[in-house]
Amino acid sequence: MTFPTKTRVVYIVASLLAAIPLFVMSCGGGGNTNVTPPSVTDVNNREMAPGDITARSANTLQGDVDGDSAIDGFDAVLVLRHDVGLSILTGSGLANADTDNSGDVDGYDAVLILRCDVGLIDCTFEAATTPETHDITYTANGFSPDTLSISDGDSVRWTNNSGSLLRIAEGTHPVHTDCIFCPQGSGAGDTIPISNGADYTFLFTGTGTANMHNHLNPEHTLVITVQ
Ligand SMILES: [Ca+2]
Ligand SMILES: [Ca+2]
């Protein structure tokens, strides 16, 4: 663990003090909205405020807001300043600041960065993942692929190229009442019909293993694991 240098500590304290007036105003304690926040420089004497802070590099390390390849208190300060409007994060700096992948940048992201900096939590913040759509083709030979591993929030799109009707079912044939995800649409025990040449997409939420089959040909099985 690397402790902040004296310069960095001075900067952090100065920045936090500079943020106080906006916190006060946001709580209704001040009526003057024309307060100009003081300008400060970072540890490399770069002008920080007021104005935009564009990431200084294409760094994609989650939590490293200023792109210096380190996650420390200075990154937390940048997040706090962004949160109260003292300066604005953009580009990869903004993307890296959302350490909890909540979709916005706020004080909680700064808390995570500080906890990482002092060693309270692992500093490996996961980048936001984009939900995927996985394709499964059904033919006279069955599902392809017939085993699939996906993430919570992903979708599966079945395309029926078998030349006949497909009825997707999850759970024990023929009742299907023990389905976990129940992609049948109208409830446990049902099946979803897909005509030849048509497709059907279902969004999987939660985790578990879906044991599926074609209700009209239960020997054609499909296992989807959602993690
Ligand atoms: Ca940094
Ligand atoms: Ca966040």
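**Strands, sheets and one residue**

Modeller: The protein chain has four helices and 11 strands. Helices (H or I, at least four residues) and strands (E, at least two) are DSSP runs, numbered from the N terminus. This is a predicted model: local features need pLDDT of at least 70, side-chain atom pairs count only at pLDDT 80 or more, and totals for chains, interfaces and linings use all residues. Residues are numbered from 1 along each chain as its sequence is written, and chains are lettered from A and ligands numbered from 1 in the order in which they are written.

Colleague: How many bridges join S10 to S11?

Modeller: S10 covers residues 208-214 and S11 covers residues 217-226. Thr209 stands opposite Thr225 in S11. The two strands run antiparallel, and the bridges between them number seven.

Colleague: Which strands stand at the edges of the four-strand sheet?

Modeller: This open sheet has the order S4-S3-S6-S9, with mixed pairing. Each edge strand has a single partner, so one of its sides is left without a neighbour in the sheet. The edge strands are S4 (142-144) and S9 (199-203).

Colleague: Which residue stands opposite Thr137 in S4?

Modeller: S3 (residues 133-139) and S4 run antiparallel. Three bridges join them. Opposite Thr137 stands Ser144.

Colleague: Is Ala169 buried or exposed?

Modeller: Ala169 is found in strand S7 (residues 166-170). A residue is buried if 20 or more other C-beta atoms lie within 10 Å of its own, exposed if 12 or fewer, and partly exposed in between, with C-beta atoms placed from the backbone. Ala169 has 26 C-beta neighbours inside 10 Å, so it counts as buried.

Colleague: What distance separates the C-alpha atoms of Ala169 and Thr191?

Modeller: Along the chain, Ala169 and Thr191 are 22 residues apart. Their C-alpha atoms are separated by 4.9 Å.

Colleague: What percentage of the residues in the protein chain is buried?

Modeller: The protein chain has 227 residues. Ala169 is one of the buried ones. Buried residues make up 31%.

Key:
Pairing = 2+ DSSP bridges.
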